[in-house]
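Here's a quick briefing to read alongside the model. Have the sequence and the 3D view open as you go.

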Amino acid sequence: MKRIADGAAPYLYSAPALILIVTVMLVPLVLGVSYAFRDIQLLNPFSGAYVGLDHFRALSEDQAFYRALRNTLWWTGASVLLQFVFGLILALLLDKPFYGRGLAQALVFLPWAVPSFLAGLNWAWLFNPVVGPLPHWLFGLGIMSGPSNILSDPQLAMWGPIVANVWWGIPFFAITLLAALQAIPRDLYEAASIDGAGPVQRFLSITLPFLAPTIAITILLRTVWISNFADLIIVMTNGGPADRTQIVASYIFTQAFKRLDFGYASAIALVLLALLLAYSMLIVILRQWLLSKD
Amino acid sequence: MRAKPLFLTIAHRLAILAYIAFALFPLYWLLKVAVTPNDLLYSEGIRLWPSHASLEHFDFVLRHSAFPVFFRNSLIVSGSTAVIVTILASLSGYALSRFNFRGKYWLVALMLLTQMFPLVMLVAPIFKILSPLGLTNSLTGLVIVYTAFNVPFATFLMQSFFDGIPKDLEEAAMIDGATQFVAFRQIILPLTLPGIAATLGFVFTAAWSELLFSLMLISGNDQATFPVGLLSFVSKFSVDFGQMMAAGVLALIPACLFFLLIQRYLVQGLTAGAVKG
């Protein structure tokens, strides 16, 4: 009797969390997959019939969807790259102790705590020529021909959410990379400088190899996360002007939230899921290939 | 040690200052417009500080708008979510930290899976499930959804804190005749208090910031959380910049308080969440 109770203990501890995850996340996930093959429109009580692959056929001819795919690549690539570069520089700057480091660290990491909707609104206001300084500064520097709002310029609009995302996401990269930097044994650097290695050489042959695994994992996971991150776009541009900032995740949300077309939204979501799975598989295969090469 | 050249030190401090300026400038501007009286907003558009400041926008927002209600709703939702998630995650995190059991691999795999797929996929099905139960347009519905979303990451976070406490402690208590659950509650949990505080902070911040599901699930004004209220205010009264930004400053306060609370645990929290922002 005692042994049965002991064996059940871990299940009892994890049961409440497990039940909640299954009912609120797994069941809707499966249900969502089934919606992709049904005609589900919230405002139409007669909808609900199975329509087979109709949604996917419509999707394959949906120009807005292809545009959203291209925008997702652009949005994710630019955001991840800029966040990583500026995050790495910040982590290197904060690595060595200096007077006031604790305070500096708290201040530069503060954007991470700002709620994403507020970060989006805040940057939308900064780009607004009525109350924000940015258009006037860009005009003054001669970068723009007039103090206009880049969020309403189809050519430039995507830069608005990207800048907000970089501002918001630098702390994440900096914190993770800083933790990895601090784990590098200090005597390695001393030994290298006794052997006559300069700062650039020490960076290339000690710091980078030690950081490489963290960099790889962080970038890969962050890529998936950012490609799904629609908050800033919904708040700042709502996908506009003329769908120029619509990414796949915000397109799904718009279909479900504005048009209440749950079936079509779920079909797009399924395609997105397949693409993300393919991306993850690609990484696993790449890793295997790299490991087998050594 | 060789002394570093002075110009390198100066360049380093300047770079740090540039980062601080970039990080704080948007928040500074938010505060600046919030205290600028309406008659100066347009005439002194891009001055760094208005020639005279006033709290009239805060006064208006607190007394004549629905923002105190939104603030209270958000506080209820985020607070309840944080407490419930922390309780559930201490239990499941303890199971992952202390037991070896057959389902462990699957439990971890399931929790990792929930961190990988796009949550926006669930917007439509969750609405469909909650609607007949009367849980749309309800704070309870939001708490249930947010709790489920945050449990996996909080479990990993709590597990990392439990892993840092030696097993001998509860083994000694169990030799003295305590059951494992009593040992967990009376010995291990009090030792994990900093970890519990960090988990509360992380979950509160996440729930306070959530946007898409609250937009989808909440429609009425009296149940609106802060993001929903602020966004509908922005689309309705898009010229009252001072009031909008005063409301924005209010939304920032709890987030900043919790940031100070969890600052020390940022690394642990971000690596436990792995994919969480």
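R57(A) and D54(A) sit three residues apart in helix α2 (residues 54–60) of chain A, so about one helical turn separates them. Helices here are DSSP runs of H or I, at least four residues long, with strands (E) needing at least two, numbered from the N terminus. This is a predicted model, where local features need pLDDT of at least 70 and side-chain atom pairs count only at pLDDT 80 or more, while totals for chains, interfaces and linings use all residues. Residues are numbered from 1 along each chain as its sequence is written, chains are lettered from A and ligands numbered from 1 in the order written, and side-chain values use heavy atoms, leaving out hydrogens and water.

**Salt bridges**
- The side chains of R57(A) and D54(A) form a salt bridge, 2.9 Å from N to O; the rule wants a side-chain nitrogen of Lys or Arg within 4 Å of a carboxyl oxygen of Asp or Glu.
- Over all chains, that rule gives four salt bridges.

**Chain B against chain A**
- Chain B puts 89 residues into the contact and chain A puts in 81, with contact meaning heavy atoms within 4.5 Å.
- About 7800 Å² is buried between the two chains, 85% of it from carbon and sulfur atoms; buried area is the accessible area (1.4 Å probe) that two parts lose on being put together, summed over both.

**Two domains in chain B**
- Chain B splits into domain 1 (6–54) and domain 2 (66–273), with bounds taken from an automatic or database domain assignment.
- The C-alpha centres of these two domains of chain B are 33 Å apart.
- Eight residues of domain 1 of chain B touch eight of domain 2 of chain B.
- Together the two domains of chain B bury about 650 Å², 79% of it on carbon and sulfur atoms.
- On the domain 1 side, L30(B), V33(B) and A34(B) lose the most area to domain 2 of chain B, together 55% of what that side buries.

**A helix pair in chain B**
- Helix α4 (residues 67–98) of chain B packs on helix α12 (residues 226–236) of chain B at about 150 degrees, axes 8 Å apart.
- That makes α4(B) roughly antiparallel to α12(B).
- Axes are lines fitted to C-alpha atoms, for helices over the stretch in contact, and angles run from 0 to 180 degrees between N-to-C directions; under 35 degrees counts as roughly parallel, over 145 as roughly antiparallel, 65 to 115 as roughly perpendicular and the rest as oblique.
- F67(B), F70(B), F71(B) and S74(B) of α4(B) meet F226(B), P227(B), G229(B), L230(B) and F233(B) of α12(B).
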